[in-house]
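Below is a short report on one protein chain.

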Amino acid sequence: MPERKRVAVLADSDTRWKWGASTARRLVPDHRLTGYLLRGRATPTARQLGEVGVRADRLAEVTCAEFLAEIEREHYDVVVLALVGGAVQAVLHGARALWPAPARRPVLVTGYVGVVYEKLADGLLLRHGADLVLANSRHDAERFRAVYEGVGADSGAVTETALPFLGGAPYEPAGSRAHTVVFAVQPSVPDNRADRAYLLERAARHARLHPGREVLVKLRSRPGEHTTHLEEQPYQRLAERVPGGLPANCRLVYGNMSEVLDGTDLLVTVSSTAALESLHRSIPTAVLTDLGIREALGNHHFLGSGCLASWDQLDSGLLPDGDPVWLAAHGVRPAGTPGPAGPAAEAAAGTAADADAYAVARAKVAGLLAAARLPSPAPHYTLTTAPGYLPGILARHRLAPDGTPLPGAARQEAGESRLRRRLRAHLREAARGAYRHGVQRVAPVIRRLGEL
């Protein structure tokens with residue numbers, strides 16, 4: 001019996017842990033998973049990890065330098081970097097310093113956790129140098145290759161896949177149960193109190209107009225917790241200020257998104273990746289246009305999807321239906337739709353979409369694992385191509401310009417890690433106080449503490 005492959009995932013938030021661990025499962029189905037959480041503002045809590053629902057055989061919190069020491073010592077087969085672009089770049093340069101010549105090293109994989117609508121060139125070039133840069137759709141893969149080729153960088157690492165956590169049973173109408181509308185909120189979209197309060201009040205109004213429906217406001221985090229993006233205007237606080245309060249059939253909920261979608265009849269959001277999960281299950285899905293269709297909101301990504309709608313239209317009974325051509329181009333095949341792999345693969349791998357979407361990526365990983373040696377990682381950004389940018393990125397992760405840990409970084413980080421743990425405990429208390437007494441006055445302090 002072949003030995004199970006050893007896979008490590010380094011993530012810096014709850015959503016990226018979900019993406020990274022799910023990606024590892026798709027790429028290397030039979031593996032032992034070690035999870036590493038990059039120490040920082042958005043390091044997920046135990047509750048957040050439990051809500052995500054993806055387990056690891058072992059889980060540890062580390063700095064960048066500590067992680068590099070781990071992957072040198074532990075001899076992993078595959079390493080999935082589920083991080084912001086700057087952190088990916090730091091690990092890639094650290095790996096380059098560890099393996100400056102062809103060597104037996106882990107296959108390095110990275111990508112994006114969801115919809116890519118901002119900082120396309122910046123984020124992609126910071127990810128260049130990984131063996132595989134995963135794109136969640138044909139649309140994304142074409143854009144990624146264009147960026148790399150536009151700067152003369154090798155685009156061979158770009159590999160089309162799909163979001164790894166698309167799944168769940170196809171939608172079935174409510175029948176005898178209450179029709180359920182889920183408003184999937186986002187921590188930083190929109191980013192101001194007035195717009196967020198407006199959207200919440202519209203959800204409450206929808207509940208009042210349809211007393212036979214359940215309207216659930218799906219939250220990402222509790223006060224004191226952080227996600228990929230900082231939430232300065234939590235909906236928990238805004239809900240206390242809704243004129244007349246939330247109606248009895250409108251409430252705030254937490255939980256695993258897949259489980260929430262099990263009972264959803266209409267998913268409403270501004271631009272959350274939850275929309276793609278919902279569309280995959282053929283659940284009617286609305287991407288809100290109330291605040292305009294703007295790049296800052298990310299809803300421009302859904303142009304042509306057939307999902308753009310306002311609360312007024314939803315109040316009047318609209319149930320948007322995704323456009324099949326758009327869905328196919330954006331890596332979404334509604335559950336149960338036969339794909340090129342056919343019904344046999346559907347029975348073997350859950351859905352034909354899952355089996356087909358990751359076939360090329362799995363083959364690439366298998367080929368790299370079979371090689372006796374892999375070349376040293378070769379990021380596009382070097383001290384020659386980005387001398388005024390790269391050193392600062394590496395320094396933020398306590399790495400020298402050549403990718404090696406700065407002198408004394410290990411001792412300093414060990415001491416600071418204890419301080420950070422204490423500060424994060426105080427941060428959570430401060431956030432709870434902000435929730436109780438008003439966010440505006442203490443949000444700047446919380447934001448600064450969260451960066452520690």
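Five of the five residues of strand E8 are buried, so E8 is largely enclosed by the rest of the structure. Buried means under 20% relative accessible area, exposed over 50% and partly exposed in between, with a 1.4 Å probe and protein chains only. Thr180, Val182 and Ala184 point one way from E8, Val181 and Phe183 the other way, and all are buried. In a regular strand the side chains alternate between the two faces of the sheet.

This is a predicted model, in which local features need pLDDT of at least 70 and side-chain atom pairs count only at pLDDT 80 or more, while totals for chains, interfaces and linings use all residues. Residues are numbered from 1 along each chain as its sequence is written, and side-chain values use heavy atoms, with hydrogens and water left out.

E8 (residues 180–184) pairs with E9 (residues 214–218) in the parallel sense, over five bridges. Two strands pair if DSSP finds at least two bridges between them. Helices (H or I, at least four residues) and strands (E, at least two) are DSSP runs, numbered from the N terminus. Val182 has Leu216 of E9 as its bridge partner. Val181 stands opposite Val215 in E9.

Both strands belong to an open sheet of six strands with parallel pairing, in the order E10-E9-E8-E11-E12-E13. E10 (250–253) and E13 (308–309) stand at its edges, each with a single partner strand, so one side of each is left without a neighbour in the sheet. Helix H7 (residues 193–209) lies across E8, E9, E10 and E12 (285–288). H7 runs at about 160° to E9. Axes are lines fitted to C-alpha atoms, for helices over the stretch in contact, and angles run from 0 to 180 degrees between N-to-C directions.

**The seven-stranded sheet**

A further open sheet has seven strands in the order E3-E2-E1-E4-E5-E6-E7, with parallel pairing. Which strands stand at the edges? They are E3 (58–62) and E7 (158–160), each with a single partner strand, so one side of each is left without a neighbour in the sheet. Neighbouring strands of this sheet are turned by 25° against each other on average, direction ignored.

E2 (residues 31–38) and E3 pair in the parallel sense over five bridges. Here Tyr36 stands opposite Ala60 in E3. E5 and E6 also pair in the parallel sense, over three bridges. Gly111 stands opposite Leu134 in E6. Leu132 and Leu134 point one way from E6, Val133 and Ala135 the other way, and all are buried.

Helix H15 (residues 359–370) lies across E1 (5–11), E4 (78–82), E5 (107–111), E6 (132–135) and E7. H15 runs at about 175° to E6.

**Helix packing**

Two packed helices are described by the angle between their axes and the distance between the axes.

| Helix pair | Angle | Axis distance |
|---|---|---|
| H5 (residues 120–127) and H6 (residues 138–150) | about 75° | 10 Å |
| H4 (residues 85–98) and H5 | roughly 20° | within 7 Å |

H5 and H6 are therefore roughly perpendicular to each other. H4 and H5 are therefore roughly parallel. Angles under 35 degrees count as roughly parallel, over 145 as roughly antiparallel, 65 to 115 as roughly perpendicular and the rest as oblique.

The crossing of H4 and H5 is left-handed: the near helix is turned anticlockwise from the far one by less than a right angle, whereas clockwise would be right-handed. Gly85, Gly86, Val88, Gln89 and Leu92 of H4 make the contact with Leu125, Leu126 and Arg127 of H5. Contact means heavy atoms within 4.5 Å. By class, this contact of H4 with H5 has four nonpolar, three polar and one charged residues. Ala, Val, Leu, Ile, Met, Phe, Trp, Tyr, Cys and Pro count as nonpolar, Asp, Glu, Lys and Arg as charged, and the others, Gly among them, as polar.

On H5, Leu120, Ala121, Leu124, Leu125 and Arg127 meet Arg143, Phe144, Val147 and Tyr148 of H6. The contact of H5 with H6 divides into seven nonpolar, no polar and two charged residues.

**A buried serine and the whole chain**

Ser22 lies in helix H1 (residues 14–27). Ser22 is buried, with a relative accessible area of 2%. Leaving aside neighbours within four places in sequence, Ser22 is in contact with Val54, Pro164 and Phe165.

The chain has 18 helices and 13 strands. Of its 452 residues, 56% count as buried. Among contacts between residues at least 6 apart in sequence, 72% join residues at least 24 apart.
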